Amino acid sequence: AMKTAATSHSICALDNIVLQYKVEWPLSLVFTTSVLAQLSSVFRRLLRFRHTGMALRLAWQKLQEIGHAVRRSSKLKAERLGTNSTRLRRMELFMCEARHFHTIVSSYLSSQLLVDAWDKFQREMDGVEDLHQLKAAHDEYGMDVTRRALLQPDRKELRELIDNSLQYILDFRAKLRLCEAPHYLQDDELYQDLVSTHEEFRQRTNFLLRVLKAAAVRGGQLSALFMQLNFNNYYNSGMDP
């Protein structure tokens with residue numbers, strides 16, 4: 001089903017796609033409105049990562065186009081070529097950081113939802129003997145995937161931090177589209193705007209790591225996400241309060 005269209009390059013751009021399923025009796029006794037709403041929320045959550053992943057791929061293609069143009073241009077003076085190469089390197093650095101963040105968080109959620117939660121549900125289904133137990137198993141599954149997708153109310157701050165980080169990736173992709181031939185990264189104002197997006201992304205992801213680090217001390221599922229994001233001390237600065 002489709003709702004009102006959202007703004008392009010927004011993290012909410014695909015929230016107008018809603019997972020709906022008309023369930024007839026007696027399946028409606030098990031697949032209740034509440035369970036279907038929970039599954040729809042999880043579907044929307046995963047769709048945001050697919051949307052951002054596509055933006056990352058398009059941004060990388062654009063950077064490759066810029067890189068080829070900068071390296072093969074014979075019209076640029078040596079010092080101008082060096083400036084463009086330095087600027088290109090800065091944009092590639094953002095891409096590496098953004099891909100790291102997106103890959104780890106999306107893989108973590110996919111593993112939690114498509115492997116761990118499903119395996120737990122299958123084990124519970126093995127012990128189901130009547131309709132009441134079947135309904136209880138589906139209700140628990142809906143609540144479990146909601147928790148694993150970080151959609152419960154007490155995870156609002158963490159959820160917003162993740163969404164904001166994804167939004168910076170989408171902003172970067174939108175601004176990078178403005179880098180056109182023959183100037184590409186020679187536009188100082190546009191380049192500084194891209195750098196500002198990079199810096200804001202870094203600040204937001206580092207603050208997110210602080211939140212995850214505090215949660216990891218208490219254990220639980222978020223400790224795994226923290227360790228994966230900061231594996232091999234990937235974020236080696238600004239971690240301690």
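Reply: Two helices, H1 (33-72) and H2 (78-126), each give at least two residues to the lining of the largest pocket. Please keep in mind that this is a predicted model. The space inside the largest pocket comes to about 320 Å³. Its lining has 14 residues, and those closest to the centre are Phe 49, Arg 50, Gly 53, His 102 and Ser 106. Sorted by class, the lining of the largest pocket holds six nonpolar, five polar and three charged residues.

The protein chain has six helices and zero strands, so its pattern along the sequence reads α-α-α-α-α-α. It has 241 residues, and 41% of them count as buried.

Where does Arg 45 lie, and where is Asp 163? The side chains of these two residues, Arg 45 and Asp 163, meet in a salt bridge, with 2.8 Å from N to O. Arg 45 belongs to helix H1 and Asp 163 to helix H4 (residues 156-176), so this pair ties together parts that are 118 residues apart in sequence. Arg 45 counts as buried because its relative accessibility is 5%, and the cut-off for buried is under 20%. Asp 163 is buried as well, with a relative accessible area of 11%.

Asp 163 also has a salt bridge with the side chain of Arg 48, at 2.7 Å from N to O. Arg 48 lies in helix H1 and Asp 163 in helix H4, so here the pair ties together parts 115 residues apart in sequence. Arg 48 is buried too, at 13% relative accessible area.

A search of the whole structure finds 13 salt bridges. Another of these joins the side chains of Asp 144 and Arg 147, at 3.4 Å from N to O. Asp 144 and Arg 147 are three residues apart in helix H3 (residues 131-148), so about one helical turn separates them. Is each of these two residues buried or partly exposed? Asp 144 is buried, at 5% relative accessible area, while Arg 147 counts as partly exposed, at 31% relative accessibility. Both belong to a network of salt bridges that links Lys 120, Glu 140, Asp 144, Arg 147 and Arg 148.

Let's finish on the outside. On the surface, Trp 25, Leu 29 and Leu 131 form a nonpolar patch, and together they have about 350 Å² of accessible area. Trp 25 sits in the segment before H1, and it is exposed because its relative accessible area is 67%, where exposed means over 50%. Met 227 is another exposed residue, at 54% relative accessibility. You will find Met 227 in helix H6 (residues 221-229). Its C-alpha atom is separated by 8.8 Å from that of Lys 213, a residue 14 residues apart from Met 227 along the chain.

Methods: Residues are numbered from 1 along each chain as its sequence is written. This is a predicted model: local features need pLDDT of at least 70, side-chain atom pairs count only at pLDDT 80 or more; totals for chains, interfaces and linings use all residues. Side-chain values use heavy atoms; hydrogens and water are left out. On a 1 Å grid over the protein atoms alone, a cavity is a set of points where a 1.4 Å probe fits but cannot get out, and a pocket is an open set with protein on both sides within 12 Å along at least five of seven lines; lining residues have an atom within 4 Å of a point. Grid points are joined across faces, edges and corners, and a volume is the space filled by probe spheres set on the points. Helices (H or I, at least four residues) and strands (E, at least two) are DSSP runs, numbered from the N terminus. Ala, Val, Leu, Ile, Met, Phe, Trp, Tyr, Cys and Pro count as nonpolar, Asp, Glu, Lys and Arg as charged, and the others, Gly among them, as polar. Buried means under 20% relative accessible area, exposed over 50%, partly exposed in between (1.4 Å probe, protein chains only). Patches are made of residues with over 30% relative accessible area and no salt bridge: like charges are joined within 9 Å, nonpolar side chains (Val, Leu, Ile, Met, Phe, Trp, Tyr) within 5 Å. Accessible areas come from the Shrake-Rupley method with a 1.4 Å probe; for residues, only the protein chains shown count as cover. A salt bridge is a side-chain nitrogen of Lys or Arg within 4 Å of a carboxyl oxygen of Asp or Glu.
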